[in-house]
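Let's go through the next model.

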Amino acid sequence: MFDINAIRADFPILNQKVNGKPLVYFDNAATSQKPQVVIDAITQYYSTINANIHRGVHTLSQLATDAYEASRQTVQQHINAKHSHEVLFTSGTTHGINLVASGFTQFVKAGDYIMVSALEHHSNIVPWQMLCERTGATLQVIPMNEKGELIMEEFDRLISEKTKIVAVNHISNALGTINPIKYIIDRAHASGAAVFIDGAQAAPHLKPDVQALDADFYAFSGHKTCGPTGSGILYGKEEWLEKLPPYQGGGEMIKEVTFEKTTYAGLPHKFEAGTPHIEGGIVLGTAIDYLNGVGFDAIAAYEQNLLEYGNQKLLEIDGMELIGTAAEKASVISFNLKGIHPYDVGTLVDKMGIAVRTGHHCAQPVMNAFCIPGTIRASFAFYNTKEEIDALVAAVKKAQMMLS
Ligand SMILES: *Cc1c(COP(=O)(O)O)cnc(C)c1O
């Protein structure tokens with residue numbers, strides 16, 4: 001295990017009071033905090049090598065390009081992609097999903113199916129619904145059980161040769177369920193469907209191996225993975241990225257432009273039109289290096305410990321209802337207190353310095369399935385502690401007393 005005090009010292013934002021109380025940051029599933037090395041790398045970039053990339057012959061442009069491409073290789077190695085040109089820089093998970101859903105327009109026709117799951121974030125539902133509207137395809141949904149686990153028998157029953165792509169998350173943001181994506185990928189491939197994995201909630205907790213998974217696409221966001229907002233990654237298998245049309249037209253993504261015809265650049269540039277978020281792309285690599293330095297095995301073990309402790313302590317509160325009790329879970333606890341609106345609890349615990357998320361967590365269909373307006377969600381990162389969980393439990397009890 002690691003030295004938690006040393007880890008916490010890496011995150012300057014944690015060392016402050018909010019509303020007069022020590023900050024307890026439990027909204028990591030919405031965005032993670034940033035370690036000092038990431039904050040420094042942003043300043044360093046703008047103080048030393050800022051220039052546009054892939055175009056200048058001058059030295060700074062070359063240095064910025066080298067740093068950007070080095071970060072692409074960091075990500076390639078991290079996710080074990082076969083080629084660095086299979087790693088595209090995006091503005092985040094949402095961008096990656098839209099890029100693929102848009103590109104699939106030409107592979108989908110009326111009568112086909114697009115499959116998502118009952119556990120998806122809105123950003124892994126709406127772009128696929130828009131694809132269905134454009135093409136006349138129908139959306140299929142893998143249902144879940146009362147624990148918040150996807151029902152694999154139903155998935156087996158639903159999938160057919162008419163299913164063109166299956167888009168599921170690796171880990172659910174609303175409930176923390178870890179989905180059996182290897183099974184889904186293998187079964188989908190057996191019937192000829194491609195698979196898109198939304199890894200937004202997985203990348204902060206584990207090291208995905210896209211070749212071992214055999215994923216066709218895997219997307220995540222920099223900002224949930226200790227990196228800057230507006231940075232993200234879309235991995236796509238070479239054969240798919242070759243087949244998909246460009247998403248946006250512009251500079252950087254072309255080979256030759258005339259008014260009669262334009263030819264496109266090769267991978268990855270075909271999908272990277274315009275000046276990208278250069279600093280974001282570079283610093284995302286710094287964030288991934290930092291996380292690997294801490295070690296994903298250590299992170300997973302420590303966070304599972306927090307999850308067990310949090311479950312146990314929260315369940316000691318009268319009227320506690322845990323929402324999402326899957327056997328395989330990441331360190332996310334969604335809960336409600338009997339007879340009390342989640343928003344009221346969130347507002348009161350904030351007054352006690354504790355940041356949790358309340359509401360539907362961009363997953364209204366999940367809330368509808370449980371017939372609740374929302375939940376209180378505490379999502380733990382490797383820089384959180386059991387003492388902070390104790391503070392949450394005390395605050396929730398106090399809020400409960402004030403509200404009942
Ligand atoms: C956060 C999240 C997204 C969207 O990510 P953005 O960074 O907002 O683009 C998609 N899916 C899941 C599971 C998420 O948690």
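A cavity here is a set of points, on a 1 Å grid over the protein atoms alone, where a 1.4 Å probe fits but cannot get out; lining residues have an atom within 4 Å of a point. Points are joined across faces, edges and corners, and a volume is the space filled by probe spheres set on them. This is a predicted model: local features need pLDDT of at least 70, side-chain atom pairs pLDDT 80 or more, while totals for chains, interfaces and linings use all residues. Residues are numbered from 1 along each chain, and side-chain values use heavy atoms, without hydrogens and water.

The largest cavity is about 120 Å³. Seventeen residues line it, and N28, P204, H205, K224 and A381 are the closest to its centre. Where does it lie? Between domain 1 (4-30 + 295-403) and domain 2 (39-293), because both give residues to the lining; the domain bounds come from an automatic or database assignment.

Cysteines next. There are zero disulfides, meaning pairs of cysteine sulfur atoms within 2.5 Å. C132 is buried at 9% relative accessible area, and C371 is exposed at 69%; buried is under 20%, exposed over 50%, with a 1.4 Å probe and protein chains only.

Last, the rings. The search finds 17 aromatic pairs, with ring centres within 6.5 Å; planes over 60 degrees apart count as edge-to-face. F11 and Y290 are edge-to-face, with centres 5.9 Å apart and planes at 75°. Both are buried. F382 and Y383 are also edge-to-face, at 5.3 Å and 65°.

Note on methods: 1 Å grid on protein atoms, 1.4 Å probe; cavity = no way out; pocket = protein on both sides within 12 Å on 5 of 7 lines; lining within 4 Å. Phe/Tyr/Trp six-rings, centres within 6.5 Å; stacked < 30°, edge-to-face > 60°.
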